[in-house]
Amino acid sequence: MSDYAKARELGEQARETEWNRPSFAKQLFLGDFRLDLVYPVQAVPDDAAKRGEDFVRAVRRFLDTRVDPAVIERTGVVPDEVVNGFRELGAFGITIAEEYGGLGLPYLYYCRALMLVGSYCPALATLLSAHQSIGVPQPLKLFGTEEQKRKFLPRCAKGEISAFLLTEPDVGSDPARLATTAVKDGDDYVLDGTKLWTTNGVVADLLVVMARTGKKISAFVVEGDSPGITVQRRNTFMGLRGIENGVTTFAGVRVPAANLIGREGEGLKIALTTLNTGRLSLPATCAGNAKWAVKIAREWSSARVQWGRSVGEHEAVATKIAFIAATAYALEAVCDLTARMADSAATDIRIEAALAKLYATELSYTALDELVQIRGGRGYETAESLVARGERGVPAEQMLRDSRINRIFEGSSEIMKLLITREAVDAHLSAAGELINPDASRHERAQALRRATAFYARWLPTLVAGSGSLPASYPDFGPLARHLRYVERTSRKLARSLFYGMSRWQGRLEHKQAFLGRIVDIGAELFAMTAACVKAREDAADLGRRPQELADTFCLQASRRIQTLFSTLWDNNDAQEVRLAGYVLEGRYTFLEEGILDPSVEGPWIGAPEGGENVRRKIP
């Protein structure tokens, strides 16, 4: 079996294969626009809403009075007193149940708190989210035993910091290459290996470690100060200078067998399932970034005058402001909707969470990039430099740098598209997968043919017409109803396009990543349009027409992006570009590299630090 086949098989084994609850996004990719699954969304109970609002207000006061983000940016360290302040607020246990010492707040308020923190200091949002979205609390909440929950969750809620350790120097999105091992020895497992990019790992008290137990991957809770653990260095990055991210090595680290999460071999499944809701933290931070960009764009574009008018009145800048404002509204809508769906637990949100992460990280970065452009030279200048020469210290360039990692964190955009695609085509593979499986027997193919015939006989006719073709559909949404009709029509067109792609390429479809990426991008736009319309409908009660204006503009922008994506589904240069990339890799065009000097420091492309002191530190 090839390395690719092994990696694919491992990923398939780790997938959640059952769909026990309906999924809005899954149906969207099937051409079935189930608005009833997202509107109206179940409201948060009044008591939980009050506690959530009180908590967010307390976080705002704390940030405003006791946190200086400029100090964190300048020193590259989150002060201990800031961490302790978050501990006092209970911010390390926002979603941990009250019975385990946490606040037990809904995801909606977890996300709103992160949106607030992320708008002020993204490094702090990363500290909090890495601890409870992918650190110890979430996997134990989903897969831990009652004994494990009572042992570890109260410690996490009180502010003992946790980290998630999966990535290795030679392992990114391909867990089949995982090299860290956990060998059973009596009542313990013995861990050996090296983990890279361990966010919170430098200061973590508790670790979730993924290690190989035989041929499969398992997950363990590990004490951060266990003998044999060494944090070999604290990494530094383009942005997020305050994060405690390091390289952690394990040399004969003994872990009690009772600390195994779930069963042996379930580690990757635990990681993937944890991320279904864990990914909600990134859309929240991204929405906060975009909303901050609206504020700065508005204030600066009104104050700055060129050629007799404020720069915001010039069309070239006005279109950028409109994009930032409409995008910010949509990103908040996507974040709120997905969080509320997670709270209601009425639907399966594995695709929605992935779409939210993909969409928010891409568009918020573009919005911040446009803000830097609006600010001109001042956008490129650091806040510290601006203050030093007597101007407002707007950290636009820092926010842009800080947000860049979001397109890589917790699954790069490219990997997210592959993950979403796999879930989106699950119904097709369930019906006809054996038809395109080269290893399937004749009997299996015959059974698959019967299943596929029955499935497509029912499904294909549903793609011909729908409520989106009726002018009176979705009357509750007033002027925004036309956008929901567009979403319904376009979801059917999207489903037809995916079917055509499967018919054309069959088993080779999984390698047509550019095509599939466009399919996912269209689905993400449709999901965001739906979220924006739903939010505007609800906001109208308090804010009148203003939310409708933002949602209307956003939907028009999104529909134009969708038109472009559809136009390049079949008319593109993908094959030529792949061929040219192959030539580049073969060295055919090395003449392009003449006339330059490479400033890179010599060393292996993939390596690990050797020796050095243990830089782990405990925050008192």
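Let's start with Ala113. Leaving out residues up to four places away in sequence, Ala113 touches Phe55, Val56 and Ile94; contact here means heavy atoms within 4.5 Å. Before going on, a word on the model. It is predicted, so local features need pLDDT of at least 70 and side-chain atom pairs count only at pLDDT 80 or more, while totals for chains, interfaces and linings use all residues. Residues are numbered from 1 along each chain as its sequence is written, and side-chain values use heavy atoms, with hydrogens and water left out.

Back to Ala113. It sits in helix H6, residues 107-120. Helices (H or I, at least four residues) and strands (E, at least two) are DSSP runs, numbered from the N terminus. Ala113 has a relative accessible area of 4%, so it is buried. The cut-offs: buried is under 20% relative accessible area, exposed is over 50%, partly exposed is in between, with a 1.4 Å probe and protein chains only. The C-alpha of Gly288 is 9.6 Å from that of Ala113, and the two are 175 residues apart along the chain.

Next, Ser23. It lies in the loop between helix H1 (3-14) and helix H2 (24-29). Is Ser23 buried or exposed? Buried, at 2% relative accessible area. A polar atom of its side chain lies 3.0 Å from the backbone nitrogen of Lys26. Setting aside neighbours within four places in sequence, Ser23 contacts Leu37, Asp348, Ile351 and Glu352.

Asp348 takes us to salt bridges. A salt bridge is a side-chain nitrogen of Lys or Arg within 4 Å of a carboxyl oxygen of Asp or Glu. By this rule there are 43. Asp348 forms one with Arg350, closest N and O atoms 2.7 Å apart. Both partners are buried: Asp348 at 6% relative accessibility, Arg350 at 4%.

Now Arg66 and Glu88. Their side chains meet in a salt bridge, 3.6 Å from N to O. This pair links distant parts of the chain: Arg66 is in helix H3 (residues 46-66), Glu88 in helix H5 (residues 80-89), 22 residues apart. Arg66 is partly exposed at 46%. Glu88 is exposed at 60%.

A further pair is Glu391 and Arg389, 3.0 Å from N to O. Glu391 is partly exposed at 26%, and Arg389 is partly exposed at 42%. There is also a network: salt bridges that share partners join Glu53, Arg112, Asp336, Lys535 and Asp539.

On to the strands. Two strands pair if DSSP finds at least two bridges between them. Strand S5 covers residues 216-223, and six of its eight residues are buried, so the rest of the structure largely encloses it. Strand S4 (residues 206-213) pairs with S5 in the antiparallel sense, over eight bridges. Thr213 stands opposite Lys216 of S5. The hairpin of S4 and S5 has two residues between the strands, and Gly214 takes a positive phi near 70° there. What does S5 pair with over two bridges? Strand S8, residues 260-261, again in the antiparallel sense. There, Leu260 is the bridge partner of Phe220.

Last, the surface. Met238 is in the loop between strand S6 (229-234) and strand S7 (245-256). At 51% relative accessibility, Met238 is exposed. Trp197, Phe237 and Met238 make a nonpolar surface patch of about 330 Å². Patches take residues with over 30% relative accessible area and no salt bridge; nonpolar side chains (Val, Leu, Ile, Met, Phe, Trp, Tyr) are joined within 5 Å, like charges within 9 Å.

Notes:
Polar contact = N/O pair within 3.5 Å; in protein donor to acceptor, adjacent residues only side chain to side chain. Areas by Shrake-Rupley, 256 points an atom, 1.4 Å probe, with all protein chains shown as cover.
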